[in-house]
Every structure is written in C-alpha cells, then in structure tokens.
Amino acid sequence: MIDIDLQLTLDQDVQSRVQLESWQALKAHKTTMSNLNLHNLFEESSQRFQSFSIELDNLLFDYSKNLLTGRTIKLLNDLANDCGLSEAIEALFSGKHVNTTEDRPALHTALRNLSGSSILVDGKDVMLDVWQELAKMQELVEMLHRGEIYGTTGKPITDVVNIGVGGSDLGSVMAIEALSEYRQGDVSLHFVSSIDGTHLTDVLHAVNPHTTLFLISSKSFTTLDTMTNARVARQWLIEALGINTNIENHLAGVSANDEGMAEFGIPEKNRFYIWDWVGGRYSLASAIGLPVAISIGFENFKEMLEGMHRMDCHFSDTPFEQNMPVIMGLLGIWYLNFFDAIGQVILPYDSRMHRFPAYLQQLEMESNGKGVTHSGEKVGYRTGAGTWGEIGPNAQHSFYQLLHQGTRFVLADFLVPVNRKSEFPGHHGLALANCLAQSRALMEGQTGDQVLKDLEQRGLSPEEIDRILPHKVLSGNKPNNLLLFKRLDPKTLGMLVALYEHKVYVQSVIWDINAFDQWGVELGKQLASELEPVINADATVSRLDASTRGLLNYIEQWRNN
C-alpha cells in the first residue's frame with residue numbers, strides 16, 4: 001500500500017500549487033524582471049559567474065546567463081520547500097512508493113548504488129538481485145569478447161541485435177554512440193525498434209544467422225512493436241538454420257516477465273531481469289543497458305554507473321543552493337510557469353551526442369507530460385516541457401533562427417566537452433568557439449546601433465541600411481545554460497544522464513504529478529492492436545470515425561499498387 005506519510009507529503013496542496021505563498025511571490029517577482037538585462041547584470045557584478053555556477057568533479061553547470069538574481073533563487077528554493085522537495089527526494093532514494101498510480105517505488109538509483117548500502121523495497125533488500133544481474137551481465141560480456149559464446153552450429157557470436165523500443169532502445173543507442181571511442185572487442189551491435197518492417201529487413205540482410213544473437217528487450221515482454229519484430233527474427237533463424245535446429249543459443253532477453261521469456265524459447269542462462277520498480281526510460285543502468293556493456297566493455301559500463309551514482313549522491317546530499325539537478329529543475333519551473341516558455345532545446349556540440357536530445361525527449365515528455373496531480377485533480381498550471389534538439393553545428397543552420405529572432409520563448413541547454421580525441425584537433429576548437437559564441441549571442445544580442453555601424457563600415461547606402469537594419473537586430477536577453485565537461489567519458493555521460501533524470505523529478509514534485517507512469521501511451525497501442533487486423537484484411541471493425549474509414553479505404557486502394 002502507498003505509504004501514508006508519503007501520500008500526505010504528495011497531497012499537501014492538492015487544491016493548486018498556484019495558491020502557495022511562494023508561488024505568488026515568484027509571480028510578483030517576475031513582474032520586476034521586465035527591465036532586467038543580462039548584459040548589465042554581468043557589468044554590475046564581476047562575481048556573477050562564480051555565484052551562478054556549480055562544479056561537480058569534471059562537470060561544470062553555468063547558469064549565470066539566466067534572468068535571475070539571488071532573490072530569484074531564494075524564492076525558487078522557498079517554493080521547493082513548500083512543495084516538500086526534501087521529503088520527496090528522501091522518499092525516492094529510500095524505496096517509498098513515489099509511483100503512486102502504479103503503487104510502487106521508482107528505484108533506478110538502486111541500479112547504480114555503489115555504496116554497498118542496502119535498499120529496501122517492501123522490507124526486502126533489492127541490492128542482492130541488482131548485483132546478481134550485474135555479475136551475470138559481466139560474465140556474458142566478457143565471454144562474448146573472448147569469442148566464447150557460440151551459435152547452434154558452433155561458430156562464435158559476432159553480432160548482437162537488440163530488439164526493443166522506447167526505453168529499451170533509446171538509452172543504449174545514445175550511450176553507444178556517445179562512447180564510441182571506448183568501444184572494445186569485435187562484436188557488432190545492431191538495433192531494431194521500428195515496426196514498419198524495413199528496419200528489421202535491413203538488419204537481417206546485414207547479419208549472419210550462424211553468428212547472431214538476438215536480444216529481446218521488453219519489460220513486459222508483450223509490447224506489440226517489439227514482440228512482432230522478435231517473432232519475425234526467430235522465424236528467420238529457424239528457416240536459415242534448419243527447421244529442426246535448436247536456436248536457443250541465438251536468443252537472449254531482458255524483461256520482468258520470466259514466463260514470457262521462457263515461452264519464447266530463451267534459455268534461463270540468457271534471461272536477464274529488471275523489476276517493476278524500474279521505469280523503461282530510467283532503465284539504462286539495468287540489463288537494458290547490456291548492449292552498452294557489450295560495446296564498451298563491462299569496466300567502462302561500470303564507470304558509467306559510477307557517474308550516475310556520483311550525481312545521485314550529489315542530488316540527495318547537497319543543499320538546494322548548490323544542488324545541480326535542483327537548480328536546473330527550478331529554472332525550468334521559473335521559465336515554463338512564469339515566462340510561458342514553450343519548452344527547451346538541447347544543443348550538444350559533439351557529434352557523438354547526436355542522440356542525446358532524442359533520449360531526453362522521452363525522459364522529459366513521457367515523465368512530466370501529465371495533466372492531473374497525484375490525487376487525480378486537474379492541474380491549473382503548465383506542466384512538462386516540449387523538448388527537442390540537435391548537435392550544435394546542424395542546429396545553427398536550421399532552428400537557431402527561431403531562438404535568436406523568433407517570438408517564442410525557449411530555454412536552451414548547451415553541452416560541450418573541453419577535450420576531444422580526433423585526427424583534426426583544431427576542428428574541436430572551432431566547435432568550442434561556436435558553442436560559447438552562441439550562448440553569448442543569445443544573451444547579448446545585437447542592437448540597432450551595432451548593426452548600423454557594421455553596415456556603414458561595409459559601405460551600404462542610407463536607403464539600403466534603412467531596408468536591412470531592422471532584420472539584423474537581435475534582441476538578446478535570451479537565457480541559456482551551459483554544461484561544460486572535461487571530456488565525454490563513461491563517468492561523465494552517467495553524470496549527465498542522472499542529472500537530467502533528477503531534474504525531471506524535481507519538476508514533477510513542484511507540479512505535484514507522477515513522473516513514473518505513462519498511461520497516455522496506452523490508448524494508441526490499444527487502438528493500433530484493433531486496427532492492425534483490419535489493415536491486413538483479417539478482420540472488420542463496425543464502429544470507426546469517418547476519417548479512419550476514409551484512410552482505410554485509401555490504404556486498400558493503394559496497397560501493392
């Protein structure tokens with residue numbers, strides 16, 4: 001049952017957060033910000049950068065280019081205290097049922113708990129199971145790297161195909177690409193997530209059935225997309241290796257559903273487990289991250305876990321004023337709820353991180369895209385942040401125009417490593433320069449006088465200047481954060497992942513919503529399962545809306561033509 005004290009904490013202001021005195025104080029404070037100029041704030045205080053930045057090991061969070069003063073931070077911390085953030089953090093780490101709608105803990109922090117301490121869930125120490133699964137993962141990884149895992153026909157496994165979707169795909173793909181320079185061994189990794197058939201087709205054409213292991217990753221082991229692809233892959237193996245061949249050496253699984261994995265034909269030695277207290281989008285540190293461990297080696301995978309644990313400890317033990325996830329989360333509240341920001345953009349200046357924005361899209365929007373409080377009351381304020389992004393150089397030539405001169409308010413997070421291994425080291429210097437320059441340009445903008453001086457120096461006529469000048473003015477005063485790190489190594493990536501996880505939790509506490517369920521994705525899955533037989537002419541549906549009927553008619557007319 002849900003812990004009574006926890007429920008009281010979560011429901012302490014179910015009527016509306018906006019009625020809190022601290023919320024109203026922030027609302028009044030925001031009205032004083034209309035004349036606040038970021039450039040002037042730096043001119044007025046030589047210590048602004050030091051005052052509004054946090055360093056943790058080899059990670060620096062610079063939030064000095066934000067529309068805030070010391071009073072803003074105090075008022076945001078008052079709001080956090082009024083919403084019971086300290087108690088909620090303690091509840092998260094101690095295994096209380098913070099996932100209230102599903103009546104379970106959200107203990108992804110236990111997956112990377114390297115302190116040796118026990119973590120109890122309903123009276124049971126879950127760390128024994130966690131360490132057992134990690135040891136099992138290590139054994140498989142090291143045997144694969146030594147060429148000691150064999151297919152049915154006696155050939156060593158050379159390729160692993162991960163079949164999953166969402167949290168069972170995005171995290172591993174992101175981490176493998178981000179840590180590509182740490183790759184070990186000769187085993188090739190492939191991923192299949194799309195249900196359109198082409199993704200699986202392309203992978204099957206690229207691998208050899210005699211030397212391929214399929215890793216089916218699904219917490220429930222019932223997800224339609226994943227299981228459809230998995231069944232096709234299994235049949236492909238049977239047909240390729242012989243109808244009477246035992247293919248169990250080519251199958252592995254990661255799930256909370258042991259019975260489902262067994263029925264699918266996955267042998268016990270290849271069945272890896274996650275638990276109902278691990279959400280899919282929070283599962284990278286579990287056996288869901290097995291492809292990452294295969295790619296970079298188990299010791300590097302453990303380094304990633306250590307980075308996550310380092311941020312966990314920082315989040316749980318550090319006062320709010322110097323707490324990186326807390327400050328980041330509260331800044332999001334400041335802009336989303338008091339400046340009506342449309343969302344946030346994630347801008348890594350390292351090509352290896354090009355999947356990081358997509359990973360954060362799920363984390364942010366599936367977690368906090370909620371419209372009711374823990375107690376089921378409709379919220380009366382904005383929740384969730386529209387999240388998107390791209391590596392900086394590409395973004396500069398696509399949507400930075402909106403960031404600099406558009407009419408919509410967007411909070412930007414820049415991420416960049418100081419050191420980068422490359423055959424062309426000068427190129428990374430250019431990336432660093434662009435990152436810092438864009439962060440500065442958003443803050444400072446470009447005045448009409450500056451544009452005028454530039455155009456006059458270029459020899460343009462007064463008529464040409466009058467025509468062009470308004471279009472080159474950039475208002476500036478656009479807030480942004482910058483995450484600077486020494487290098488993109490496994491520990492740093494782990495710290496970044498945990499940083500955003502906890503930032504999301506902070507915001508969910510302020511908004512009084514559940515960051516750990518995702519009921520909004522269920523209806524579409526249900527309707528898809530009903531429509532799929534209709535599209536494949538195996539069934540009919542008597543009650544459909546006119547749009548869907550019309551679309552089905554076109555599908556029938558155009559199919560195979």
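Close-up 1. The model is predicted, so local features need pLDDT of at least 70 and side-chain atom pairs count only at pLDDT 80 or more, while totals for chains, interfaces and linings use all residues. Residues are numbered from 1 along each chain as its sequence is written, and side-chain values use heavy atoms, leaving out hydrogens and water. Look for R281 in the loop between β9 (271-273) and α12 (290-296).

**Close-up 2. The side chain of R281 meets E366 and D517.** A polar contact of 2.9 Å links the side chains of R281 and E366. The R281 side chain also reaches the backbone oxygen of D517, at 3.1 Å.

**Close-up 3. Negative charges gather on the surface.** Here you can find E139, E142, E299, E303 and E306 in one patch of negative charge. The elements giving two or more residues to the negative patch are α7 (127-145) and α13 (298-317). Which helix gives the largest share of the negative patch? That is α13, with 3 residues. E306 sits in helix α13 and is partly exposed, at a relative accessible area of 30%.

**Close-up 4. V497 is a buried residue in a helix.** Helix α21 (residues 490-511) holds V497. Is V497 buried or exposed? V497 is buried, because its relative accessibility is 0%. The C-alpha atoms of V497 and K370 are 22 Å apart, and these residues are separated by 127 residues along the chain.

Terms used: Patches are made of residues with over 30% relative accessible area and no salt bridge: like charges are joined within 9 Å, nonpolar side chains (Val, Leu, Ile, Met, Phe, Trp, Tyr) within 5 Å. Accessible areas come from the Shrake-Rupley method with a 1.4 Å probe; for residues, only the protein chains shown count as cover. A salt bridge is a side-chain nitrogen of Lys or Arg within 4 Å of a carboxyl oxygen of Asp or Glu. Lys and Arg count as positive and Asp and Glu as negative; His and the chain ends are not counted. The place of a charge is taken as NZ of Lys, CZ of Arg, CG of Asp or CD of Glu. Helices (H or I, at least four residues) and strands (E, at least two) are DSSP runs, numbered from the N terminus. Buried means under 20% relative accessible area, exposed over 50%, partly exposed in between (1.4 Å probe, protein chains only). A polar contact is a pair of N or O atoms within 3.5 Å; within protein, one must be able to donate a hydrogen and the other to accept it, and residues adjacent in sequence count only if both atoms are side-chain atoms.
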